[in-house]
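Let's take a friendly walk through a protein model. Have a look at it first, and then we will go through some of its parts together.

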Amino acid sequence: MTSPFTDEVTRKFFETHRYFGLEPNQVTFFQQGTIPCVSHDGRFIMETPYKVAKAPDGNGGVYAALKSKRLLDDMAAKGVKYVDCYGVDNVLVRVADPTFLGYFIDRGVSAAAKVVRKAYPQEKVGVFVQRGKGGPLSVVEYSEMDAAMTTEINQTTGRLRYCWSNICLHMFTLDFLNQVTNSLEKDSIYHLAEKRIPSVHGYTSGLKLEQFIFDVFNYSPSTALFEVLREEEFAPVKNANGATYDTPDSARLMLLRLHSRWVVAAGGFLTHSVPLYMTGVEVSPLCSYAGENLEAICSGRTFHAPSEISF
């Protein structure tokens, strides 16, 4: 999914990189919608005297866009039953993880999410909660939680009561996505984000209305959570202006460390000219998906970091 502001550059990026090993007809580009920006007193912000300022409708706009572009129908025609949804900024994501898919199918639920335990009570991540007795599992953003909620302890387990972090690794049935797109049309949920908005008078403080990709969990009749290890599956690349997210360099280091552990577990040896926590070995996805079947390549061999193990 792109937006009117990113569509052209995204298409060119994929063309430049030859669609990252895929055929062009295996990649579908579609644009999300836009929503007018408003001032704090509820008035439309004008970008020019004749044009209302608009912004993309958030990553949750993917559902309406999939429906309006008839891509859900296209998936059904191709025999798709399950849809894997992940954050493209997570360098450790396991696309179409067969273990997660198997768990999802075995549980027979409409939706599922991979989760990691919160690193500490004040970590700026959304968490899964159950809304009311017998209510659906849904995500509450950290900005919507007060201090008492973030530190509350479950007396039975001795852990944080709200400890399952949402890391945007989701799976849905296609039937559920068809259902939820109709529900969101009738009962849309919007979140307010205070931003600097370009206006006829220059940049001004205003509000963007956004939908979040996890809003659909409110409509799921059954949801399963699947715990994974943070160091193996969650290293998001974000702006380096907060402690929650990794810079591109540190996220890449997490990838190198994970792959280095794979090599050692497969009987390989590592040498390095700088401290190992600053470098590592990268394993091509053509060699291994999650560290399996590396013995024939690595056992008894020594690799000098940094280096790449390719097929």
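Which residue in β8 is the bridge partner of F128? In β8, that partner is V139.

## About the model

This is a predicted model, in which local features need pLDDT of at least 70 and side-chain atom pairs count only at pLDDT 80 or more, while totals for chains, interfaces and linings use all residues. Residues are numbered from 1 along each chain as its sequence is written, and side-chain values use heavy atoms, leaving out hydrogens and water.

## A strand hairpin

Strands β7 (residues 127–130) and β8 (residues 137–140) pair in the antiparallel sense over four bridges. Pairing requires that DSSP finds at least two bridges between two strands; helices (H or I, at least four residues) and strands (E, at least two) are DSSP runs, numbered from the N terminus.

Together, β7 and β8 form a hairpin with six residues between them. In the turn, G132 has a positive phi of about 80°.

## The largest nonpolar core

A nonpolar core is a set of buried (under 20% relative accessible area, 1.4 Å probe, protein chains only) Ala, Val, Leu, Ile, Met, Phe, Trp, Tyr and Cys residues joined through side-chain atoms within 4.5 Å. The largest one has 28 residues, and Y63 and F172 touch the most other members. Its largest share, five residues, comes from α6.

Leaving aside residues up to four places away in sequence, F172 touches (heavy atoms within 4.5 Å) several residues, including Y63, Y82, L177 and F217. A second, separate core has 18 residues, among them L255 and C298.

Terms used:
Buried < 20%, exposed > 50% of the residue type's maximum accessible area, 1.4 Å probe, protein only.
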